[in-house]
Amino acid sequence: MADDKLILWGRGSGRTMRVRWMLEEFGLTYDIKPIQSRTGETQTDTYAAINPKQKIPTLQHGDIVITESPAIISYIADNFDTPQGFYVPEDPQSRAKVNEWCFFSAMELDAHTIYIIRRHEGLPEIYGQAPDAVASAREYYLKQANAVAAQVATGGTYLFGELFSIADIMLATCLNAGLRYNIELPKALDAYLARAESRPSYRRAFDLNYEGLRT
Ligand SMILES: N[C@@H](CCC(=O)N[C@@H](CS)C(=O)NCC(=O)O)C(=O)O
């Protein structure tokens, strides 16, 4: 099972970056299908047969197909040998805490705010103008960022002390997205993000994910 081939579909977005980062953290070998959003490449019949949601990223592992970036990185954590320094707790209580921060980032930062800003400020020609919704999303992002800043301030280097986890990949990619939309992060989060992004696996993943696309 663990020896089955891994294929990652998608590159060039913050959500594909999560999976690249995780694959690099775990030192896994994988093939890449470098399709991108809004190029038509997600809309082909071939891709729809693999991922009916027609979104990237998708991970194939042998016969298994996983979509949704948090689910994909969670799958990798659970199905491959944990590298030193990476946190994959086994007891249900500790796993629940990791899930808590993953879902927080996916919902409170990504779905409720980044998506809205991206769609209505970044891509108004597709999704329409909604300046009030964007303003309120920016405000809400900051409110929730302040909530996680308190956890980061007490946690240590990462959310769970010195060990890095999938919750850090979720949080760091959401904070990076906030910065790209010119949201000024609380100082504790700036420092946290710099620590997360200084990991060699992040640099490798970034170069691969965005090669030729942005500096
Ligand atoms: N909830 C999904 C969202 C994935 C998503 O929105 N992907 C965008 C790119 S970041 C996409 O594939 N858009 C399809 C298209 O525009 O062709 C996840 O976290 O994986």
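What follows is a friendly set of questions and answers about the ligand site and the spaces in this predicted model.

This is a predicted model in which local features need pLDDT of at least 70 and side-chain atom pairs count only at pLDDT 80 or more, while totals for chains, interfaces and linings use all residues. Residues are numbered from 1 along each chain as its sequence is written, and side-chain values use heavy atoms, with hydrogens and water left out.

Reader: How many residues surround the ligand, and which are the closest?
Author: A residue counts as near when one of its heavy atoms lies within 4 Å of the molecule. By that rule the shell holds 15 residues, and the closest are Thr42, Ile56, Glu68, Ser69 and Tyr115.

Reader: Which residue has side-chain N or O atoms, one of them 2.6 Å from a nitrogen atom of the ligand?
Author: A polar contact here is a pair of N or O atoms within 3.5 Å. At 2.6 Å from a ligand nitrogen, the side-chain atom belongs to glutamate 68.

Reader: What share of the ligand's exposed area does the protein bury?
Author: Accessible areas come from the Shrake-Rupley method with a 1.4 Å probe. Taken alone, the ligand exposes 520 Å², and the part of this that the protein buries is 85%.

Reader: Which residue has a polar backbone atom 2.7 Å from a ligand oxygen, and where does its cis peptide bond lead?
Author: Most peptide bonds are trans. The bond here is cis with omega near 5°, and it runs from isoleucine 56 to proline 57. The backbone atom 2.7 Å from the ligand oxygen is that of isoleucine 56.

Reader: What is the phi of arginine 38?
Author: Most residues other than glycine have a negative phi. Arginine 38, in the loop between strand 2 (31-33) and helix 2, has a polar backbone atom 3.1 Å from a ligand oxygen. Although arginine 38 is not a glycine, its phi is positive, at about 55°.

Reader: Which helix gives the largest share of the lining of the largest pocket?
Author: On a 1 Å grid over the protein atoms alone, a pocket is an open set of points with protein on both sides within 12 Å along at least five of seven lines, and lining residues have an atom within 4 Å of a point. The ligand takes up the space of the largest pocket, and a molecule sits in a pocket if more than half of its atoms lie within 2 Å of its grid points. This pocket holds about 930 Å³ and is lined by 41 residues. Eight of the lining residues come from helix 4.

Reader: How much space lies in the largest cavity?
Author: A cavity is a set of grid points where a 1.4 Å probe fits but cannot get out. The whole structure has one cavity of 30 Å³ or more, and Gly14, Met17 and Arg180 are among the residues lining the largest cavity. With volume taken as the space filled by probe spheres set on the points, joined across faces, edges and corners, the largest cavity has about 60 Å³.

Definitions and conventions:
A polar contact is a pair of N or O atoms within 3.5 Å; within protein, one must be able to donate a hydrogen and the other to accept it, and residues adjacent in sequence count only if both atoms are side-chain atoms. Helices (H or I, at least four residues) and strands (E, at least two) are DSSP runs, numbered from the N terminus.
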